[in-house]
2 protein chains.
Amino acid sequence: MPESVTHTAGGAVRSSRVEARKADARRRILEAAREVVTEHGFAAAQVAVVASVADVATGSIYRHFPSKASLFSEMLRDVCRRELEVVRAVAAEEGRTATERIGDAVATFVDRALRGEGLAYAVIAEPMDPDVDQVRLEARAGLAQAFAELIENGVTAEEFPAQDARIRGAAIVGAFLEAVVAPLAERVTRPLDRAAVSAEVARFCQQAVAGAALTSTPDARIRVIHGGQS
Amino acid sequence: MPESVTHTAGGAVRSSRVEARKADARRRILEAAREVVTEHGFAAAQVAVVASVADVATGSIYRHFPSKASLFSEMLRDVCRRELEVVRAVAAEEGRTATERIGDAVATFVDRALRGEGLAYAVIAEPMDPDVDQVRLEARAGLAQAFAELIENGVTAEEFPAQDARIRGAAIVGAFLEAVVAPLAERVTRPLDRAAVSAEVARFCQQAVAGAALTSTPDARIRVIHGGQS
DNA sequence: ACCCGAAATGAATATTGGTTCAGTACTGAA
DNA sequence: TTCAGTACTGAACCAATATTCATTTCGGGT
């Protein structure tokens, strides 16, 4: 038995080799979807185009995903999950004050997003489909939650004044997402200085939660975490 | 000559009465568009539906607007212009510090937006069409500009520390828009307390720009300005 | 070699909804 | 009352594109 096999309903078998091939096609399709969106936005993301980039037939897409919306939802969910992980990783670093964590998390997110311009714009702002939009909302909620937790920590540690962590978490997310999108929208006008934007936004968010308690204004450090950017 | 007339190309005339009727139909169509979007979002906003609500035939829409996108763009532009005017009006009040102005402007916007839930959500977040999206971007830019000016004032008056007014203006807009959308997205979960949300967001924005300089934290006042809400 | 079922293919189909336009109803002046 | 011009109507049209499915190719067991 040189090849591991699975038995299907009809009594037939399927070698792990073809399983792997199938899984690979699926991966290629997701990859292609991301590529197309990054390059030309959701507007250009027809099923046929994605198929051709992934080097499979149009119909094959439907062998892996029940619908176009589900394909793009999954793609977007992956991208967003990765960004959330990065943010949480930066925020989790030991031995830093809540202020520092928030600054670093914001700066890192903004910097990464500004690197991957096309995808970031599409993910944050470009209209697509209600299903896909839902993913966007969930991603925002996830980020807001992460920041709300950081704020709670700061309040508990008496580093920040009392405040509604939930609302301010959302406000932080809105602030930095807008700071990413706004420059991208006018990137023709002025070349953008990633470091300057992310530092400024990070400071903004720190002050917003620390308020008068923030005496020194530490520069946020951007943690470059490798892996696909968004 | 009991009726003022205009001469058309063919030498014919058009009474002011029919002009008025035509203008009225146009107004009704815009109104209907807003109504449909407020009630059911852009997703349900087909030309045929708008026509039926406005009580005209589908084709008549095209007698007043060259395309669906232009109809909705105009509708959205109107709504956004009004909100921007309100914000600027609140911000322009005499004898107040920059901090107070910013707080009031933010609180007023958020409160108004939370009143007109449906429209606010659609205007801020719901995907539609690239043309319409452009209007959204412009509206955001307009708001950002208004806040950037307030920040400049504050910096000039040495009320705020030096900062990049352009970036922070955008961040403020992002912060309060998100604070509007996020609660709307989960409004099933918890009933929303408009006053609490707007006060919290206003405080957030004030701290974000004033930072350590903000010793007392004055409550922002919500100016209720009458007129269609968004 | 041959066969069976799974997987891939891509041209054909279905759907959706914006836009058009031939016909009809009005309007106001002569 | 008639007529020319204009506005209105809404069913038919059409483009775009997501989805289907009859056919072909492939993999591996006999």
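Modeller: This is a predicted model. A:His64 is found in helix α3 of chain A, which covers residues 58-64.

Biologist: Why is A:His64 called buried?

Modeller: The relative accessible area of A:His64 is 15%. Buried means under 20%, so A:His64 is buried.

Biologist: Which residues does A:His64 touch, leaving out those up to four places away in sequence?

Modeller: They are A:Lys22, A:Ala25, A:Arg26 and A:Ile29.

Biologist: Now the two chains. What makes A:Arg140 and B:Glu178 a salt bridge?

Modeller: Their closest N and O atoms are 2.4 Å apart. The rule asks for a side-chain nitrogen of Lys or Arg within 4 Å of a carboxyl oxygen of Asp or Glu, so the pair qualifies as a salt bridge. The count between chain A and chain B is 4 salt bridges.

Biologist: Which helices of chain A each supply at least two residues of the side that touches chain B?

Modeller: They are α7 (130-156), α8 (165-185) and α9 (194-210). The most comes from α8(A), with 13 residues. By kind, the residues on this side of chain A are 22 nonpolar, 4 polar and 10 charged.

Biologist: How much area is buried between chain A and chain B?

Modeller: About 3,000 Å², with carbon and sulfur atoms giving 61%. Of the area that chain A buries against chain B, A:Glu178, A:Glu200 and A:Phe204 supply 21%, more than any other three residues.

Biologist: How many residues are in contact?

Modeller: 36 residues of chain A are in contact with 36 of chain B.

How values were computed. Residues are numbered from 1 along each chain as its sequence is written. Chains are lettered from A and ligands numbered from 1 in the order in which they are written. This is a predicted model: local features need pLDDT of at least 70, side-chain atom pairs count only at pLDDT 80 or more; totals for chains, interfaces and linings use all residues. Side-chain values use heavy atoms; hydrogens and water are left out. Contact means heavy atoms within 4.5 Å. Buried area is the accessible area (1.4 Å probe) that two parts lose on being put together, summed over both. Helices (H or I, at least four residues) and strands (E, at least two) are DSSP runs, numbered from the N terminus. Ala, Val, Leu, Ile, Met, Phe, Trp, Tyr, Cys and Pro count as nonpolar, Asp, Glu, Lys and Arg as charged, and the others, Gly among them, as polar. Buried means under 20% relative accessible area, exposed over 50%, partly exposed in between (1.4 Å probe, protein chains only).
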